Amino acid sequence: MRNLYVSDLDGTLMQPDARLSEFAVSSINRLVESGTLFTVATARTPATVSSILENVEMRLPAIVMTGAALWTPRENVYSDVKYMEPATVRRLLDIYSAKDCPSYIYTLVNGMIDIYHVGEMSELAIRFMEERKNSSYKRFHLSEADTRKILDDPENVILLYSMQPTAKTRSVYDLCVGEGVDARMQFYHDIYGEEIGILEAFSPVATKAAAVRNLARRCGAERVIAFGDNINDIPMLKAADIAVAMGNAIPEVKEMADVVIGPNTDDSVVKFILEMESR
């Protein structure tokens with residue numbers, strides 16, 4: 001049976017230091033060379049995915065920005081991009097403004113991610129930008145004229161991204177969901193700790209699950225085997241024929257998975273694929 005293996009990156013395929021081990025890279029390359037269908041699905045943008053996968057032989061597009069696009073590393077080409085409706089962006093920004101919830105706005109035009117910011121920039125938002133601004137894959141635009149331009153004409157928007165105190169982002173998330181805004185909203189905690197809430201808004205059709213199904217059709221896979229560890233992996237795992245949870249996954253992921261393997265620190269994804277392909 002022709003398998004398509006799709007792995008999350010953080011907490012799944014990668015080591016805790018945000019890299020792939022030499023064993024993982026060499027093993028994946030041998031698998032791909034032998035014809036194994038393999039790709040990754042991540043919330044990251046190509047700005048960081050490019051360096052993580054630098055030495056990996058990627059013959060399939062990567063699923064990036066939680067399913068908002070497919071990205072082919074070799075050619076730096078985006079496909080199957082899921083843009084948000086301008087009217088939805090305007091409605092969300094009105095809600096964010098009323099709740100004093102600043103946000104980054106990500107657009108994608110001609111293979112370049114352009115990032116704008118609305119509202120007052122916190123120290124955390126500034127640090128977020130400083131860590132990401134020197135990239136050939138994305139550009140930050142923070143002038144008043146740039147901000148006004150994107151507010152007046154919110155075309156080609158793929159993501160709204162906010163980092164605010166948990167109580168604020170949670171209340172905005174609840175309001176957007178309660179009012180039935182036509183967007184896929186995500187609220188979660190990340191590396192900044194429980195006191196900071198991350199709020200994301202995508203097109204309602206921008207999901208890892210939809211991207212995986214589309215990619216499986218494109219490459220002629222008969223079965224999808226997906227790996228994940230966190231809450232945003234659950235839709236992808238549900239869409240897979242075999243859902244594999246990491247040993248370090250959160251309880252909700254382990255409970256719905258078909259298989260629970262070892263932790264990411266032990267290259268458990270690669271070892272599982274090697275075992276499956278040796279049968």
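A quick word on ground rules: residues are numbered from 1 along each chain as its sequence is written. The model is predicted, so local features need pLDDT of at least 70 and side-chain atom pairs count only at pLDDT 80 or more, while totals for chains, interfaces and linings use all residues; side-chain values use heavy atoms, with hydrogens and water left out.

**Buried spots**

Let's start with helix α2, which covers residues 22–33. (Helices are DSSP runs of H or I with at least four residues, strands are runs of E with at least two, and both are numbered from the N terminus.) Ser27 sits in this helix and counts as buried, at 1% relative accessibility. Here buried means under 20% relative accessible area, exposed means over 50%, and partly exposed is what falls in between, using a 1.4 Å probe and protein chains only. Leaving aside neighbours within four places in sequence, Ser27 is in contact with Val270 and Leu274, where contact means heavy atoms within 4.5 Å.

Not counting residues up to four places away in sequence, Val25 touches Leu20, Asn55 and Val56. As for Lys138, it is 113 residues from Val25 in sequence and 26 Å from it in space, C-alpha to C-alpha.

Pro61 is a loop residue, placed between α3 (46–52) and β3 (62–64). Is Pro61 buried or exposed? It is buried, with a relative accessible area of 8%. Beyond its neighbours within four places in sequence, Pro61 has contacts with Thr39, Leu70, Trp71, Thr72, Leu215 and Arg218. Arg74 is 13 residues away from Pro61 in sequence, and the C-alpha to C-alpha distance between them is 9.1 Å.

**A negative patch**

Glu85, Asp153, Glu155 and Asp182 form a negative surface patch. Patch members have over 30% relative accessible area and no salt bridge, with like charges joined within 9 Å. Asp and Glu count as negative, and the charge is placed at CG of Asp or CD of Glu. One of the four, Asp153, is found in the loop between α6 (144–152) and β9 (157–165). Asp153 is partly exposed, with a relative accessible area of 42%.

**Salt bridges**

Side chains of opposite charge can pair when their charged atoms come close. How many salt bridges does the structure hold? There are 18, each being a side-chain nitrogen of Lys or Arg within 4 Å of a carboxyl oxygen of Asp or Glu.

| Pair | N to O distance | Relative accessible area |
|---|---|---|
| Arg19 and Asp17 | 2.6 Å | Arg19 41%, Asp17 47% |
| Glu131 and Arg127 | 3.9 Å | Glu131 54%, Arg127 44% |
| Arg170 and Asp174 | 3.3 Å | Arg170 36%, Asp174 38% |

What about the placing of Arg170 and Asp174 along helix α7? They are four residues apart in that helix (residues 166–178), so about one helical turn separates them. Elsewhere, salt bridges that share partners join Glu33, Glu57, Arg59 and Arg74 into one network.

Key. Patch = residues over 30% accessible without salt bridge, like charges linked within 9 Å, V, L, I, M, F, W, Y side chains within 5 Å. Areas by Shrake-Rupley, 256 points an atom, 1.4 Å probe, with all protein chains shown as cover.
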